[in-house]
Amino acid sequence: MRITRRLEFDAGHRIPDHASQCRHLHGHRYAIEITLSGDIIDAAGEAVNGMVMDFGDVKLIAKTHVVDRWDHAFLVYRGDSAVVDFLATMPAHKTVVLDTVPTAENLASEAFRILDACYRDLYGNRLRLERVRLYETPNCWADAMRPGD
């Protein structure tokens, strides 16, 4: 069985080497979808009976480890020194410095890397993260999936 939970957040970024508009500072209303697979839990009397994982728990983990950290932040590539240095002059600015350029593809990959260790098989139902889909716009997204799948 596969389940998916969608969350949204706002963040700014820029793609420093982009040939068009995305080289400028700008923001997006991102959406992130977390897809997990596992067996349906058969545990009479347990709150998770009949589920792969409670959607509320899927949300809490994604919010804690990715969404709350990136929401209303500026996501900046470590090598984009002009912007990194500028943001450092702003007291208490919410900045997330990344080791890669903050494209949809790299953000999806980073979110997958972070979240993969967070979703644990607590009920012996073979729970695992399958995919992180990151929407940069309603019409543009990137999928990060488990290697080999």
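## Surroundings of Arg 146

Beyond its neighbours within four places in sequence, Arg 146 is in contact (heavy atoms within 4.5 Å) with Phe 112, Asp 116, Arg 128, Leu 129 and Glu 130. Its side chain reaches the backbone oxygen of Leu 129 at 2.7 Å. With a relative accessibility of 16%, Arg 146 counts as buried, a term that means under 20% relative accessible area, with exposed over 50% and partly exposed in between (1.4 Å probe, protein chains only). Arg 146 is found in the segment after β6 (140-145); strands are DSSP runs of E of at least two residues, numbered from the N terminus.

## Basis of the model

This is a predicted model, in which local features need pLDDT of at least 70 and side-chain atom pairs count only at pLDDT 80 or more, while totals for chains, interfaces and linings use all residues. Residues are numbered from 1 along each chain as its sequence is written, and side-chain values use heavy atoms, with hydrogens and water left out.

## Aromatic pairs

Rings of Phe, Tyr and Trp (its six-membered ring) pair if their centres lie within 6.5 Å; planes under 30 degrees apart count as stacked, over 60 as edge-to-face and the rest as tilted. The count comes to three aromatic pairs. Phe 9 and Tyr 30 are stacked, at 5.1 Å centre to centre and 15° between the planes. Phe 9 lies in strand β1 (residues 2-13) and Tyr 30 in strand β2 (residues 26-37), so the pair ties together parts that are 21 residues apart in sequence. Both residues, Phe 9 and Tyr 30, are buried.

Tyr 135 and Trp 141 form a tilted pair, with 5.1 Å centre to centre and 50° between the planes. Tyr 135 is buried at 12% relative accessible area, whereas Trp 141 is partly exposed at 44%.

Note on methods:
Helices (H or I, at least four residues) and strands (E, at least two) are DSSP runs, numbered from the N terminus. A polar contact is a pair of N or O atoms within 3.5 Å; within protein, one must be able to donate a hydrogen and the other to accept it, and residues adjacent in sequence count only if both atoms are side-chain atoms.
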